[in-house]
Amino acid sequence: MLTRIISGAVGIVIMAGILFFHDTIVLPIAVAAIIAVMLFELLRAVKLEKCFPVYFAVEACGISMPFIYNSYYYYDDTKIDGAAEAVNSIYGSVTLIAFAVTLAAAFVIFATWLRNHKEIRYEQVFFALAAMVLVPQAMSTMVRIDRMDDENGLFLLIIGLCGAWIADTGAYFTGVAFGKHKLCPEISPKKTIEGFIGGITFTGIAYAAAFSIRGGFSVYTCAVAFVIGAVCAVIGTIGDLSASMVKRQIGFKDYGKIMPGHGGLMDRFDSVLFVLPTFYIMTALLEETDIGLLG
């Protein structure tokens, strides 16, 4: 338990340092490092970490994504003559580059598979492809959330990251106090339906309170923030269970040992992989329709 607490405290300090420099190149560098470790853990799970063409293709694709998306946010309407058309053109170019890099990496993976088809199974190939797309795109939303709002970006990033972890905390304490009915006993024996409901409720309330404090109290703010928090809690639980299911089918206890007592980064960010993109989409849509929660 002591090892787990110390490891968690160190992780919090490191994350706090990264967030302190959130408006610099430190954030995309840190996100790229997290992505690199997560992809290594996933490739090792399917025994592809020593297949160097596949490994380097997946890692190169993953590491590049935070920097590709970060490049778009160096430009906005105040920096470009001609406004929206120029910004849309830049966004289109960034999206095209991201797609081209992913496609090139996929080509390397398939070419390697063709050459080593007797040693590499199709399950390994498609697992690597899925990881290469999901992990970088999901984790790069850390950069996109932070850069989407100069004034509130850091707040939104912290709330987005906390969405999964708040749900875990609420589910744990509710489950300990009231849990009787197992949620998915074959995948995660400790999760209960009561804990699941508690996590949803706890996250919704936390979101409603946070957005009300930040943007001002209103029934609309509380209601919408509660819904966003509840949705993130549900999505996060699905992500957590999905990652646990993969571990059980592969025969792993943890994806890694980088955080003693906690496992690997995949073990800590499995629910975040689903929560962050969901949170980003919901808040971005609200901003686009001029009914955002923060004015």
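In which crossing, right-handed or left-handed, does α3 pass α5? Here are some notes on that and a few other spots; please keep in mind that this is a predicted model.

1. To take the opening question: α3 passes α5 in a right-handed crossing. The axes of these two helices come within 9 Å and cross at roughly 20°. Since angles under 35 degrees count as roughly parallel, α3 and α5 are therefore roughly parallel to each other.

2. Now for the residues behind that pairing. On the α3 side you will find Val54, Ala57, Val58, Cys61, Gly62, Met65 and Tyr69, and on the α5 side Ala128, Met132, Pro136 and Gln137. Sorted by class, the contact of α3 with α5 has nine nonpolar residues, two polar ones and no charged ones.

3. Helix α5 (residues 122-139) also packs with helix α2 (residues 26-45): their axes come within 10 Å and cross at roughly 160°. That makes α2 roughly antiparallel to α5, because an angle over 145 degrees counts as such. Here too the crossing is right-handed, with α2 passing α5.

4. The α2 side of this second contact consists of Val31, Ile34, Ile35, Met38, Leu39, Leu42 and Leu43, which meet Phe127, Ala128, Ala131, Met132, Val135, Pro136 and Met139 in α5.

5. Tyr55 is worth a look on your screen. This residue sits in helix α3 (residues 52-72) and is buried, with a relative accessible area of 19%, where the cut-off for buried is under 20%. Leaving aside residues up to four places away in sequence, Tyr55 touches Phe40, Leu43, Leu48 and Glu49.

6. How many disulfides does the count come to? The answer is zero. As for individual cysteines, Cys51 is buried at a relative accessible area of 16%, and Cys61 is buried at 1%. You have already met Cys61 among the α3 residues that contact α5.

7. Finally, Thr141 has its place in helix α6 (residues 141-147). Is Thr141 buried or exposed? Thr141 is buried, with a relative accessible area of 4%. Its contacts, not counting residues up to four places away in sequence, are Leu276, Pro277 and Tyr280.

Conventions: Residues numbered from 1 in each chain as written. Predicted model: local features only at pLDDT ≥ 70, side-chain atom pairs only at ≥ 80, totals over all residues. Heavy atoms only, no water. Axes fitted to C-alpha atoms, helices over the stretch in contact; angles between N-to-C directions. Helix = DSSP H or I, 4+ residues; strand = E, 2+ residues; numbered from the N terminus. Parallel < 35°, antiparallel > 145°, perpendicular 65-115°, else oblique. Left-handed = near helix turned anticlockwise from the far one by under 90°. Contact = heavy atoms within 4.5 Å. Buried < 20%, exposed > 50% of the residue type's maximum accessible area, 1.4 Å probe, protein only. Disulfide = S-S within 2.5 Å. Nonpolar A, V, L, I, M, F, W, Y, C, P; charged D, E, K, R; others polar.
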